[in-house]
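Trainee: Could we go through the charged side chains of this model together, one step at a time?

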Amino acid sequence: MAKTILITGASSGIGRATALYFAAKGWNVAATMRDPLKADLALKHPQISLFALDVTNEGSIAQALTESLTRYKKIDVLLNNAGYPLFGPIEAVDDRQIQQQFATNVFGLVSVTQQILPVMRKAGEGLIINVSSVVGRMALPYAASYIATKFAVEGLSESMRYELEPFHIRVKLIEPGSVNTEFGTGSMQTAVSDPYRASVTKFLALFAKINAKASEPEAIAEVIYRAANDASNRLRYLAKPGLFFWLNRLLPDFVWRRMLVKAMVK
């Protein structure tokens, strides 16, 4: 019997690529997004069902889970993928932007997880895969709000795996580096104020240069598939982390900071 994965944020980027990758491998895919009517034709796949789900709306989550279970009877894997970046100095980011960033990237992930856990406990098993980022383990300038959400996802995931182990529900983290998707363009929000404008412009230019050499979302989907089929209790899966991550790991802190400030700020 084919296994079933439910994916949030499946309309584009990593979520879309993962839906198609799992479907090609014979999995049942409950691909969720805010507006399924906007899904492209590639997602009209016989192994994929589209459901409306807004991670910031409890009723929407409940409805999508009910419909997914009616269609597939069981959800073996939840991929918490929905999220978006927010760039800019923390001084320029207003309360509404920060609240919305956490509502989507953190609280939405928690809400979906909370609603699916009783289903998995009743089934006696399950797997939660949370899409984090390499910036869940390292910080960069001008992305404090977004990076804070990824640090939160890392901590939530590590804590949850202890709580859920007695119920045979495992937790895994995917940590991509830069990915070549609209995530770096259309879904990105930027907040800038005059004192920071020159340095933020330099940072965003460097980000665009790095993103031009980014991994394709299909490469991340492959890592997610490997994690979904890994029966071990391994928590973290790096996915094409990129040069910055390894420099951060290898260089002394003062050298790393000096290099980063020179490259991005001054």
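Trainee: Is E175 buried or exposed?
Mentor: This is a predicted model, and the answer rests on relative accessible area, for which buried means under 20%. E175 has a relative accessibility of 0%, so E175 counts as buried.

Trainee: Which side chains meet that of E175 in a salt bridge?
Mentor: The side chains of E175 and R137 meet with an N to O distance of 2.7 Å. This pair joins strand β7 (residues 169-176), where E175 lies, to the loop between β6 (126-131) and α4 (144-164), where R137 lies, so parts that are 38 residues apart in sequence are tied together. A salt bridge at 3.3 Å, N to O, is made between E175 and R236, and here strand β7 is linked to strand β9 (residues 236-239), the two residues being 61 residues apart. The side chains asked for are therefore those of R137 and R236.

Trainee: In the salt bridge of K74 and D76, which residue counts as buried?
Mentor: The two side chains meet at 3.3 Å, N to O. K74, at 28% relative accessibility, counts as partly exposed, whereas a relative accessibility of 14% is under the 20% cut-off, so the buried residue is D76.

Trainee: How many salt bridges does the count come to?
Mentor: The pairs discussed here include K74 with D76 and E175 with R137. By the rule of a nitrogen within 4 Å of a carboxyl oxygen, the count comes to eight.

Definitions and conventions:
Residues are numbered from 1 along each chain as its sequence is written. This is a predicted model: local features need pLDDT of at least 70, side-chain atom pairs count only at pLDDT 80 or more; totals for chains, interfaces and linings use all residues. Side-chain values use heavy atoms; hydrogens and water are left out. Buried means under 20% relative accessible area, exposed over 50%, partly exposed in between (1.4 Å probe, protein chains only). Helices (H or I, at least four residues) and strands (E, at least two) are DSSP runs, numbered from the N terminus.
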